[in-house]
Amino acid sequence: MTVAQAVVEFLGKQYVVDSIGGVDYRERLIPGIFGIFGHGNVAGVGQALKQEQVRDPDVMPYYPGRNEQAMVHQAVGYARHVRRRATYAVTSSIGPGATNMLTGAAVATTNRLPVLLLPADTFATRAADPVLQQLERPDAYDITVNDAFRPLSRYFDRVVRPEQLYSAFLNGLRVLTDPADTGAVTISLPQDVQAETLDVPAEFLAEREWRIRRPEPDEDDILRAAQLIRSARRPLIIAGGGVLYAFATAQLARLAELTGIPVAYTQAGVGSLPWDAPYCLGAVGSTGTTAANAVAHDADLIIGIGTRYEDFTTASRTAFQNPDVKFVNINVAPLDAYKQGTALPIVADARKALLRLTEALSGYRVGADLEQLVAAEKKRWNATVDEVFDTRHVPLPSQNEIIGAVRRATAARDVVVCAAGSLPGDLHKMWRIADPFGYHVEYAFSTMGYEIPGGLGVKRAAVDEARRAGNGESPRDVVVMVGDGSYLMMHTELVTAVAEGIKLITVLIQNHGYASIGALSESLGSQRFGTRYRTLDPVHRTFDDGDLLPVDLAANAQSLGVRVIRVEPGDNAVADLETAVAKAKAEPEGSGPVLIHVESNPLIDAPDSESWWDVPVAGASELESTRDARSTYLRHKAAQKPLIGDAETGPAHD
């Protein structure tokens, strides 16, 4: 076999095995390969995929993409929806084909999501040197552009001899299926090595199972955590994505119900609890609810479960103002379990730790004063959201109204997808989640352009989910919400959806610029500089005050073969948007993508989180607006803690 043929057949024989609460799971680890072919991979991986397609198209299905970065985003979206139990492989040619995947690799690794990248590389033999698209360095001739993947990947290898194939892929898949160490796995394949032949051992091509590790918590750690909780007056749980990846939502709900400990969630943790559960405070931090942030402000014990404590979660270390606050962190990854100067790191699977912690807290319940505070703050925040959802601005609705309309028009099991701009923050605080799989916002890397390809990956996963269920229920509808800025970054995979007849609903919000950074710029005293999509004023050399660009993004989508519904500005815009979403949902599976175009007023902000995010303001400026912003910045900065928590572990137990 050639090396590439061995790779393709090997990947088709890999399975993930998992067991949750006695329910066994076994599915293919790599259900398919995305690829764009060039001279670096067409005769290697491309030939191998064609050969398998002729021999047995089910061994390793191939799906073409329109942009290498977008193909990686599809794989990431898929991996997150299936809770890291599977992902796609992505093959590219050398040079720009490979480097186009760098952003996707960073997205996967920062989000702790598995993706297998197979970039082609220059000749290992150097027989033809330099080749087209080769980067030459006079100081290190063994470095290629693929070395740029090293800091972005959890595992990197380069197969320069055919015999290295076995260790490279076995080690790569070990990392891919390790919940504590997963991320982008990059195995660089020189174009000549891909086409070389070797005798492949039968055992390498036999079916292989990869069991997901779900470590038990240490008993002593659980007892110490329970004692810390019992001694706390205002404990707060912060649920991150680890709760969802551990399938621990029911266990988290039971702990909260029995103890009354309130729960707030991070961006990755949305879906850990239903929004209307009495103990659920919603989003926490810079893009959080006032309810969660009010409780976090005075909390004396934070129980972080599956969170990596991004600066949005901690409000840049200003969220937790109790001088005696301590942290108990439950996380499968030691890197995250030890964060925030934790009093007690518990390195364990979230579900197993929650089961044990619930047992250890038998008979415990928080004080009535905390429960009353939670109820009052939830009521205050819910009234705030109701008001902005129901307030009507004409002729252009606010983004708040658009979010409310989309939520009302979608079913609880539908999935909303987003990534960058002001939408992720607004969705985080206001999207009323009811289903654990209903929210998918990429916010570890906050990648402009992720939305449509990521949403396409989610839809693929939803179709596979429905197939596995086998109950005849249609796949979940996937609704991508994206601003015009992100749409222009990467809308190419709409063509992929058209080609495969994939039903993907996109709500494109046209606000003629970068609304998120515009608002941030204004708050920092820079007056929305460089954030508007306008024509150039040649006299003042500015894009701030020119005419709106005569760009029709609805027509653009239509030209790609997408069915488009335009929501016209005016008194009925919000009602028409709801109708449009309902109409798109009514389309049958296999009918292809639908895009809904709606214009918004970017100057109407979402409700204040009563929180902060640290973005430095110029220390000296001739602009009065910047000097005013600097004063505000310094007031917030005074509340920032360089280190939260301490190393004390509380009183010893018997």
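Tutor: E9, K13, E52 and R55 are joined in a network of salt bridges, a salt bridge being a side-chain nitrogen of Lys or Arg within 4 Å of a carboxyl oxygen of Asp or Glu. The model is predicted, so local features need pLDDT of at least 70 and side-chain atom pairs count only at pLDDT 80 or more, while totals for chains, interfaces and linings use all residues. Residues are numbered from 1 along each chain as its sequence is written, and side-chain values use heavy atoms, leaving out hydrogens and water.

Across the whole structure, a search finds 43 salt bridges. One of them pairs the side chains of E209 and R26, with 2.7 Å from N to O. Because E209 belongs to strand β9 (residues 208-211) and R26 to strand β2 (residues 23-28), this pair ties together parts that are 183 residues apart in sequence. Strands (E, at least two residues) and helices (H or I, at least four) are DSSP runs, numbered from the N terminus.

Buried means under 20% relative accessible area, exposed over 50%, and partly exposed in between (1.4 Å probe, protein chains only). E209 is partly exposed at 48%, and R26 is partly exposed at 38%. In another salt bridge, the side chains of D147 and R150 meet at 2.7 Å, N to O; here D147 is buried, at 14%, whereas R150 is partly exposed, at 43%. A further salt bridge, at 2.9 Å from N to O, brings together E371 and R365. E371 is partly exposed at 31%, and R365 is partly exposed at 40%.

We turn now to the spaces. On a 1 Å grid over the protein atoms alone, a cavity is a set of points where a 1.4 Å probe fits but cannot get out, and a pocket is an open set with protein on both sides within 12 Å along at least five of seven lines; lining residues have an atom within 4 Å of a point. Points are joined across faces, edges and corners, and a volume is the space filled by probe spheres set on them.

The largest pocket has a volume of about 1,300 Å³. Its lining holds 50 residues, and S422, S516, A519, L520 and W613 lie nearest its centre. Two or more lining residues come from each of α15 (399-409), α16 (423-430), α18 (484-489), α20 (515-523) and α23 (624-637). The largest share, six residues, is that of α20. By class, this lining has 22 nonpolar, 21 polar and seven charged residues; Ala, Val, Leu, Ile, Met, Phe, Trp, Tyr, Cys and Pro count as nonpolar, Asp, Glu, Lys and Arg as charged, and the others, Gly among them, as polar.

The second largest pocket, of about 710 Å³, is lined by 45 residues, with R84, N111, R112, Y245 and D336 nearest its centre. At least two lining residues are supplied by each of α5 (102-110), α9 (241-245), β14 (326-331) and α12 (334-337). Its lining divides into 18 nonpolar, 14 polar and 13 charged residues.

Finally, the structure holds four cavities of 30 Å³ or more. The largest cavity has a volume of about 140 Å³ and is lined by 17 residues, of which W275, T289, W381, N382 and K429 lie nearest its centre. The elements giving two or more residues to this lining are β12 (280-283), α14 (368-390) and α16. The lining of the largest cavity comprises ten nonpolar, four polar and three charged residues.
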